[in-house]
Amino acid sequence: MGVENRRIPPNQRVTSKFPVLHEGPIPKFDPKTWDFMVEGLVENPVRLTYEEFLKLPKTVSISNFHCVTGWSKLDNKWKGVVFKTISDLVKPLKEAKYVTVIAEGDYTTSLLLEDLLEDDVLLAYRLDDKPLEPKHGGPLRLVVPKKYAYKSAKWVRKLRFTREQELGYWETRGYSNTADPWKEERYA
Ligand SMILES: Nc1nc2c(c(=O)[nH]1)N[C@H]1C(S)=C(S)[C@@H](COP(=O)(O)O)O[C@H]1N2
Ligand SMILES: [Mo]
């Protein structure tokens, strides 16, 4: 197996283009009214304006992106806020085990809090040294490199910390809830 193949999960093909894949229309972004909220089982729920969000400590993280339909895009240079920073800010209660990620429109997904605390999980607003394009989730998207890309919600506006897992958009339509590309967990 070549060096490159070790970065590509089973039955994925590398693409140099960055396909655009989503349900529904690309939402309009108004920096004056946009906000980011965290609710649910946390000690300190927050509401941040766009300006406030940009002031949070930022990181750059280069990672790979694997869509369940079979394409992988390697070496994406994301810039944004590490999920851990948000978690430290809101202080999850002991009972909080999952996080529902709520995007503009009807799209949701959910993950184990533990998986979101990995250091490559970002709420990203830049990609490859440019502002994140609206079609790729700008102004703000989640990036979870170790899961199939349907867990990487675009246009994120809200997080809800929960005790039980709330199944997301694709997860209620037959796709795997654990979504590990290395184990090829495509379908439930
Ligand atoms: N809000 C939202 N986020 C979403 C989706 C969507 O339909 N709506 N599709 C997911 C899927 S299936 C994939 S493969 C990636 C695609 O991201 P891209 O369009 O930036 O390549 O976004 C994910 N995030
Ligand atoms: Mo996807």
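Buried means under 20% relative accessible area. By that cut-off Trp-155, at 6%, is buried. The legends below describe close-up views of a predicted model.

**View 1. Trp-155, a buried residue with a positive phi.** Trp-155 is found in the loop between β10 and β11. Its phi is about 55 degrees, although Trp-155 is not a glycine. Most residues other than glycine have a negative phi. The relative accessible area of Trp-155 is 6%.

**View 2. Asp-128, a partly exposed residue with a positive phi.** The loop between β8 (122-127) and β9 holds Asp-128. Phi of Asp-128 is near 50 degrees, again in a residue other than glycine. Relative accessibility is 30% for Asp-128, which counts as partly exposed.

**View 3. The cis peptide bond between Gly-138 and Pro-139.** Omega of this bond is about 15 degrees. Most peptide bonds are trans. Pro-139 belongs to the loop between β9 (130-131) and β10 (141-143).

**View 4. Ligand 1 in the largest pocket.** There are 20 residues around ligand 1, and those that come nearest are Pro-19, Glu-23, His-136, Arg-141 and Lys-154. Backbone atoms of the protein approach ligand 1 at several points, given here in turn. At Pro-19, a backbone N or O atom lies 2.6 Å from an oxygen atom of the ligand. At Leu-21, a polar backbone atom is 2.9 Å from an oxygen atom of ligand 1. At Ser-152, a polar backbone atom is 3.0 Å from a nitrogen atom of ligand 1. Taken alone, ligand 1 exposes 530 Å², and the protein buries 97% of that area.

**View 5. The salt bridge between Asp-75 and Arg-7.** The closest N and O atoms of this pair are 2.9 Å apart.

**View 6. The salt bridge between Lys-158 and Glu-39.** The side chains meet at 3.4 Å, N to O. Lys-158 is in strand β11 (residues 156-162) and Glu-39 in strand β2 (residues 35-40); the pair links distant parts of the chain, 119 residues apart. Lys-158 counts as partly exposed at 24% relative accessibility. Glu-39 is also partly exposed, with a relative accessible area of 23%.

**View 7. The salt bridge between Glu-184 and Arg-186.** In this pair the closest N and O atoms are 2.9 Å apart. Glu-184 counts as partly exposed, at 31% relative accessibility, whereas Arg-186 counts as buried, at 10%.

**View 8. A network of salt bridges.** Asp-35, Arg-47, Glu-104 and Arg-157 are joined into one network by salt bridges that share partners. A search of the whole structure finds 16 salt bridges.

Key:
Residues are numbered from 1 along each chain as its sequence is written. Chains are lettered from A and ligands numbered from 1 in the order in which they are written. This is a predicted model: local features need pLDDT of at least 70, side-chain atom pairs count only at pLDDT 80 or more; totals for chains, interfaces and linings use all residues. Side-chain values use heavy atoms; hydrogens and water are left out. A salt bridge is a side-chain nitrogen of Lys or Arg within 4 Å of a carboxyl oxygen of Asp or Glu. Helices (H or I, at least four residues) and strands (E, at least two) are DSSP runs, numbered from the N terminus. Buried means under 20% relative accessible area, exposed over 50%, partly exposed in between (1.4 Å probe, protein chains only). A residue is near a molecule or strand if one of its heavy atoms lies within 4 Å of it. A polar contact is a pair of N or O atoms within 3.5 Å; within protein, one must be able to donate a hydrogen and the other to accept it, and residues adjacent in sequence count only if both atoms are side-chain atoms. Accessible areas come from the Shrake-Rupley method with a 1.4 Å probe; for residues, only the protein chains shown count as cover. On a 1 Å grid over the protein atoms alone, a cavity is a set of points where a 1.4 Å probe fits but cannot get out, and a pocket is an open set with protein on both sides within 12 Å along at least five of seven lines; lining residues have an atom within 4 Å of a point. A molecule sits in a cavity or pocket if more than half of its atoms lie within 2 Å of its grid points.
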